[in-house]
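I opened the model to look up two things.

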Amino acid sequence: MIFMKDYEVREATNEEIPAINSLMERSFHPEETILHCLLTKYKSTLTQDDLRQIDEDQRAIIAAMVANYPCQVIVHNATSKIVGVNIMIASENSKLVPADNRSIDVYETHPPKCQFLRDYFRHMNEMIDRADLFSKVPKAKRFLEFYAIAIDADHRKKGLSTLLMREGIVFARMNKVDVVFGLFTSPFSKRAAEKLGLENVMDLDLLEYKDTDGSLLYEESRGHSVASVMAMQSSVDDFKFKSV
């Protein structure tokens, strides 16, 4: 349990899943670049039933992530409210870790019912796969992805997202995780990651991604269209990431 002035960082509990989902709905889903771009592009084709299903699917998969993976929250001491969260995804190199000792895949165990969200998660995973981290660190067994870091709007510009990432790195080192990584889609999160030692493994120009009809998938990202896969070693000591 980590304290700083006015705030406490600690592991989340399953009882806090509704509060975490509420924070994500306020402070992450509307702002995350890839999701925002796709919702904007397809808003004319999404029905109210689709939008309700998207919300339901998001809540279900976040609940599964919190229940099955590491998750750290920031609590505001004065109000006892959760004002920050770092939802992380654990994974293993299948060549080095037996199947019965691997983390579950929540995308398989809790697949979204809505095609839109299935496509969204597929896009995100394909971007991360392009970085080919398993091949770049062949001796690494365990990986930890910073899937989503969200800070309540009333508590921003206080270094809380950096604090969450720092404590996520500490968690990884204490639990023998070899590599910490994430897909960073905002310049603010990328700068915070760089300060903590994550290296840029691959840049992705979102304006290069097109729909089947040739139209841009992420037109709304103009001006901040570069997403980056960033990573750092936490226990493998004979490798240094090289940007591509």
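**Cavity**

I listed the lining of the largest cavity: Tyr107, Phe121, Met124, Asn125, Ile128, Glu145, Phe146, Tyr147 and Leu183. Helix H5 (115-131) and strand E5 (142-151) are the elements that each give two or more residues to this lining. H5 gives the most, with 4 residues. I sorted the lining residues into 7 nonpolar, 1 polar and 1 charged. The largest cavity holds about 50 Å³ of space. I counted 1 cavity of 30 Å³ or more.

The model is predicted, with pLDDT of at least 70 needed for local features and 80 or more for side-chain atom pairs, while totals for chains, interfaces and linings use all residues. Residues are numbered from 1 along each chain as its sequence is written, and side-chain values use heavy atoms, without hydrogens or water.

Terms: a cavity is a set of points on a 1 Å grid over the protein atoms alone where a 1.4 Å probe fits but cannot get out, and lining residues have an atom within 4 Å of a point. Helices (H or I, at least four residues) and strands (E, at least two) are DSSP runs.

**Helix pair**

How do H1 and H3 pack? Helix H1 (residues 17-27) and helix H3 (residues 48-68) have axes 10 Å apart, at an angle of about 125 degrees. On the H1 side I found Ile17, Ile20, Asn21, Met24 and Glu25, which meet Gln58, Arg59, Ile62, Ala63 and Val66 in H3 (contact is heavy atoms within 4.5 Å). The residues of this contact divide into 6 nonpolar, 2 polar and 2 charged.

Conventions:
1 Å grid on protein atoms, 1.4 Å probe; cavity = no way out; pocket = protein on both sides within 12 Å on 5 of 7 lines; lining within 4 Å. Points joined across faces, edges and corners; volume = space filled by probe spheres on them. Nonpolar A, V, L, I, M, F, W, Y, C, P; charged D, E, K, R; others polar. Axes fitted to C-alpha atoms, helices over the stretch in contact; angles between N-to-C directions.
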